[in-house]
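Please study the sequence and the structure before working through each solution.

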Amino acid sequence: EKAFQLLSKQAFAGNSAFALYLIGEMYWNGYYVKKDHKAAFRIFQNALKISSKDGRTEYCQADIYMKLGDSFMEMGTDNELALNSYQEAEKGFYVQRKALFKGTAEKLKRVVKKQGEARREIHKALK
């Protein structure tokens, strides 16, 4: 509860994409709040906008793109946007990996796998 309150204060002040991303994760997973993927999706979109302004994109932009890809796949509305989001996430994780961010290798594997899933869905729709 305390983490949610502190993150909310910082996130909704509009100056921390990472805090906003973490709030989105809380909604995505139902941590302290009711699980709501649509709300999480909107929060991730806002976090992405803020991340390009706060000058610290390497800290969270790849994670945001990964969650946006997950959102597009779950909604099943636009697999091409999902694929694009996963590709952007992959690029960002390579940057993080060079900076020795912890857990990046697992995230890279995950987004590459998700790109394959998105491509399969796109090909199904073309048939």
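This is a predicted model: local features need pLDDT of at least 70, side-chain atom pairs count only at pLDDT 80 or more; totals for chains, interfaces and linings use all residues.

**Exercise 1.** Classify how α1 and α2 are oriented towards each other.

*Solution.* 
Step 1. Helix α1 covers residues 2-11 and helix α2 covers residues 17-29. Their axes come within 8 Å and cross at roughly 135 degrees.
Step 2. An angle counts as roughly antiparallel when over 145 degrees, and as roughly perpendicular from 65 to 115. The crossing at roughly 135 degrees therefore makes α1 oblique to α2.
Step 3. The crossing of α1 past α2 is left-handed.

**Exercise 2.** Carry out the analysis for α5 and α6: state the orientation and the composition of the contact.

*Solution.* 
Step 1. The axes of α5 (residues 79-98) and α6 (residues 104-126) come within 9 Å, crossing at roughly 160 degrees.
Step 2. Because of this angle, α5 is roughly antiparallel to α6.
Step 3. α5 passes α6 in a crossing that is left-handed.
Step 4. Contact residues of α5 include L83, Y86, E90 and R97; among those of α6 are K107, V111, Q115 and I122.
Step 5. The residues of the contact of α5 with α6 comprise eleven nonpolar, five polar and seven charged.

Methods:
Residues are numbered from 1 along each chain as its sequence is written. Side-chain values use heavy atoms; hydrogens and water are left out. Axes are lines fitted to C-alpha atoms, for helices over the stretch in contact, and angles run from 0 to 180 degrees between N-to-C directions. Helices (H or I, at least four residues) and strands (E, at least two) are DSSP runs, numbered from the N terminus. Angles under 35 degrees count as roughly parallel, over 145 as roughly antiparallel, 65 to 115 as roughly perpendicular and the rest as oblique. A crossing is left-handed if the near helix is turned anticlockwise from the far one by less than a right angle, and right-handed if clockwise. Contact means heavy atoms within 4.5 Å. Ala, Val, Leu, Ile, Met, Phe, Trp, Tyr, Cys and Pro count as nonpolar, Asp, Glu, Lys and Arg as charged, and the others, Gly among them, as polar.
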